[in-house]
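Let's learn to read a structure one feature at a time. Keep the view open as you follow the dialogue.

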Amino acid sequence: MNQSLFEKMSKILLPIAGKLNNNRYLQVLRDAFMLAFPLTIFGSIAVVVANLPFLDKVMSEGSLNTLRTILNVAPQSTMGVMTIFVVFGIGYYLSKSYDVEGIFGGAIALASFFILTPFILNVEGKEAVQNVIPLDRLGAKGMFLGMITAFIAGEIYRAIVQKNITIKMPAGVPPAVAKSFSALIPAVVTLTFFLVVNIVITQAFHTNMHDVIYKLVQAPLVGLGSGIIPTLIAIFVTQILWFFGLHGQIIINSVMDPIWNTLSLENLNAYTETGKVPHVISKQFIEIYTVGMGGTGMTLAVIAAILFFMRSKQMKQVAKLGLGPGIFNVNEPIIFGLPVVMNPLILVPWIFAPMVVTFVTYLAMSSGLVPPPTGVTVPWTVPIFINGIMATNSLAGGLLQIVNFAIVLIIWFPFLKFIDRMNVQKEQEESAKQAS
């Protein structure tokens with residue numbers, strides 16, 4: 001790749017990536033999902049424990065069912081109602097980004113979402129149950145409506161506050177009371193807006209916003225995001241951004257996380273009910289089988305190739321420094337030490353290897369050879385093989401990572417060997433100069 005092509009790509013990609021990385025709404029969305037992260041980890045631990053593969057051999061069927069019933073409340077109250085946390089998080093962080101009281105922004109966003117949520121459970125062949133909220137409205141099925149509602153509610157709330165249309169209390173009033181009165185008018189206006197929307201949708205069109213958004217927005221986007229081609233495009237762009245020194249995960253995940261997380265929630269719901277998952281692509285598919293193999297670009301295999309097969313002292317030193325962090329999927333020492341950033345000699349394997357591995361993983365899972373991730377959240381720092389087993393609740397999930405590890409090593413090897421020869425030659429020339 002010549003310098004002019006570098007410059008052309010930089011001029012196109014860097015401004016776009018910079019705008020995405022600094023976009024207020026994408027930052028808020030990322031922070032909102034991270035708010036739910038520790039809660040989903042708790043729920044995931046309960047799912048893993050309840051579905052350990054050997055439990056049916058050490059426990060009776062009755063005892064196992066009792067254990068799963070007891071533990072099932074954990075994922076239901078965390079991952080099953082994840083939309084609630086995301087809605088509150090968006091309202092909170094969006095308000096904070098405008099230097100407006102965040103706690104009221106979160107509460108108003110959540111109340112707005114509930115106004116649009118039908119408090120009715122329809123069961124086929126039975127009379128509808130009133131004054132209840134179906135869990136799917138608070139989980140995967142309500143995710144996109146929740147995000148849209150939270151952003152709109154947050155914008156209305158902060159606009160009214162910033163226009164100073166608030167009730168101001170005397171100086172002696174306690175701060176908590178003063179803040180509550182200050183949020184009163186913005187809250188009333190915002191909630192009235194969503195109440196009117198709900199009245200129009202339910203009375204004029206005899207439906208609800210959940211079903212409207214799900215059919216018109218969420219289902220098409222989730223269907224698109226669950227395909228291998230859009231996933232490979234996302235991987236490609238992530239690798240390109242990292243190549244130019246930009247954090248590809250933060251930028252791409254900000255856009256794709258709503259889709260991938262929704263797919264994960266649908267997988268988890270299906271897995272806890274039927275033991276099967278409907279989607280191969282999900283948040284865990286992306287994390288465990290790309291980042292979860294030594295960091296972005298799956299560079300743990302690169303470290304192994306350098307340590308075992310290369311001769312360059314410089315490369316071996318970088319690999320030794322990157323080994324410890326790489327085991328826990330932190331690979332900045334390799335990205336900036338090898339380096340990967342702006343190194344044309346590494347561009348081909350850096351982009352090609354993750355895409356090949358992603359495609360191989362998809363084929364293995366879609367064919368039934370390896371079970372797809374169940375939807376449980378696995379911390380991204382869990383080492384390779386272990387995280388594969390945890391994500392799929394199967395030994396095959398870890399073994400697939402070992403196969404992928406070998407694929408990455410094979411793809412990288414000729415490029416590393418070429419760089420190694422150049423470095424060894426330079427090191428020998430420098431040694432000869434010092435000796436003379």
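Q: Which residue forms a salt bridge with K179, and how far apart are the closest N and O atoms?
A: The partner is E101. The closest N and O atoms of K179 and E101 are 3.8 Å apart. Keep in mind that this is a predicted model.

Q: Where do K179 and E101 lie?
A: K179 is in helix α10, residues 175-182. E101 is in the loop between α6 (82-97) and α7 (102-115). The two parts are 78 residues apart in sequence, so the pair ties them together.

Q: How many salt bridges are there?
A: The count comes to five.

Q: What should I look for in the backbone?
A: Most residues other than glycine have a negative phi, and most peptide bonds are trans. Then look for exceptions. D99 is not a glycine, yet its phi is positive, about 60°. D99 sits in the loop between α6 and α7.

Q: Which residues does a cis peptide bond join?
A: It joins L338 and P339. Omega there is about -10°. P339 belongs to the loop between α18 (332-337) and α19 (347-366).

Q: How do I read a pair of helices?
A: Check the distance between the axes, then the angle. Take helix α13 (residues 228-243) and helix α14 (residues 248-274). Their axes come within 8 Å and cross at roughly 160°. An angle over 145 degrees counts as roughly antiparallel. That is why α13 is roughly antiparallel to α14.

Q: Which residues of α13 and α14 meet?
A: From α13 come A234, V237, T238, L241 and W242. From α14 come G248, Q249, I251, I252 and W260. By class, this contact has seven nonpolar residues, three polar ones and no charged ones.

Q: How can empty space inside a model be found?
A: Rolling a probe the size of a water molecule over the atoms shows where empty space is left. Here, the count comes to one cavity of 30 Å³ or more. The largest cavity has a volume of about 110 Å³.

Q: Which residues are closest to the centre of the largest cavity?
A: They are I235, T238, Q249, I286 and T290, out of 15 lining residues. Helices α13 and α14 are the elements that give two or more residues to this lining. T238 and Q249 also take part in the contact of α13 with α14.

Q: What classes of residue make up the lining of the largest cavity?
A: Eight are nonpolar and seven are polar.

Technical notes
Residues numbered from 1 in each chain as written. Predicted model: local features only at pLDDT ≥ 70, side-chain atom pairs only at ≥ 80, totals over all residues. Heavy atoms only, no water. Axes fitted to C-alpha atoms, helices over the stretch in contact; angles between N-to-C directions. Helix = DSSP H or I, 4+ residues; strand = E, 2+ residues; numbered from the N terminus. Parallel < 35°, antiparallel > 145°, perpendicular 65-115°, else oblique. Contact = heavy atoms within 4.5 Å. Nonpolar A, V, L, I, M, F, W, Y, C, P; charged D, E, K, R; others polar. 1 Å grid on protein atoms, 1.4 Å probe; cavity = no way out; pocket = protein on both sides within 12 Å on 5 of 7 lines; lining within 4 Å. Points joined across faces, edges and corners; volume = space filled by probe spheres on them. Salt bridge = Lys/Arg side-chain N within 4 Å of Asp/Glu carboxyl O.
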